[in-house]
Amino acid sequence: MLVDQVASLFRKYTDESDTTFLTDADVAEYLYLGYSDFRQFVENIDYYAYKKTATYTGLASQRLDLANAGAIGPNIMGAAPTVADEKVKVILRLYANSDGIAPDDINWFLTPVQNREALYSVPNNYLSKYCLEGTDLFFSNIPGNSTGFNIDYQPITPTTLFTQTNIVPGTNIYIDEFEAFHDLIALMAYDHYAIRDVADNPMVTRRMLMRKQQLNDFMTRGRLERANRFVISDDAYFVT
């Protein structure tokens, strides 16, 4: 489904003819909240479904402020991100690029720890470790050097998708790769609308529970058939 199609479905679920009570701005806001819920549901099962990657090159210290990275890479935290809708929600992994090879080739993964004390106190001192405190990343040693390193992360829900402009019929705005389940966005948006309207709809609730179970089954099986048969140890930090 497309943005305007999801908006149309949401309006049908609400069955609200009073446009002074349910304005276009209200519809856009409820759909944004519904899409945030939808993405979180997906990401709880597949951490990498909406993955973004930020690349940093030339770090000269064991600290990197992700809100003020300067010339070495993008700002992905703070009040002034390089791309507004690509701020970090959760950091998934951090890995150093290989010497003299394309940035997508990995030399090793860094190990996340809880705080700066753990950078130097946990066992396995041969591992390169990192932690996040506020907007600052701290490292047990400088990662990547001249070859740089990548951060894979979950971004925030984009604010530029479900807008008053995009919900107009015929705009044909793409959402994401989970088209078969986009009716869930409208169903989840209805949950937020129902709070204001004080009007729970048992049919909508029942449909949402069924569709969430179907999406859960789909995501649990995985988009790569039989890939979930492969299990990797948490100790496998090196690429060999």
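I shall speak about aromatic pairs, then a cluster, and finally charges placed over rings.

This is a predicted model, in which local features need pLDDT of at least 70 and side-chain atom pairs count only at pLDDT 80 or more, while totals for chains, interfaces and linings use all residues. Residues are numbered from 1 along each chain as its sequence is written, and side-chain values use heavy atoms, with hydrogens and water left out.

Rings of Phe, Tyr and Trp (its six-membered ring) pair if their centres lie within 6.5 Å; planes under 30 degrees apart count as stacked, over 60 as edge-to-face and the rest as tilted. By this rule there are eleven aromatic pairs. One of them, Tyr35 with Phe38, is stacked, at 6.2 Å centre to centre and 20° between the planes.

A second pair, Tyr56 and Phe149, has ring centres 5.6 Å apart and planes at 25°, so this pair is stacked. Tyr56 belongs to strand β1 and Phe149 to strand β8, so the pair ties together parts 93 residues apart in sequence. Strands here are DSSP runs of E, at least two residues, and helices runs of H or I, at least four, numbered from the N terminus.

Phe10, Tyr30, Tyr190 and Tyr193 form one aromatic cluster. Of these, Tyr190 is placed in helix α4, residues 183-197.

Lastly, a charge sits over a ring if NZ of Lys or CZ of Arg is within 6 Å of the ring centre and within 35 degrees of the ring normal. Arg39 lies over the face of Tyr50, 4.0 Å from the ring centre, and the charged end of Arg196 sits over the ring of Phe21, 4.1 Å from its centre.
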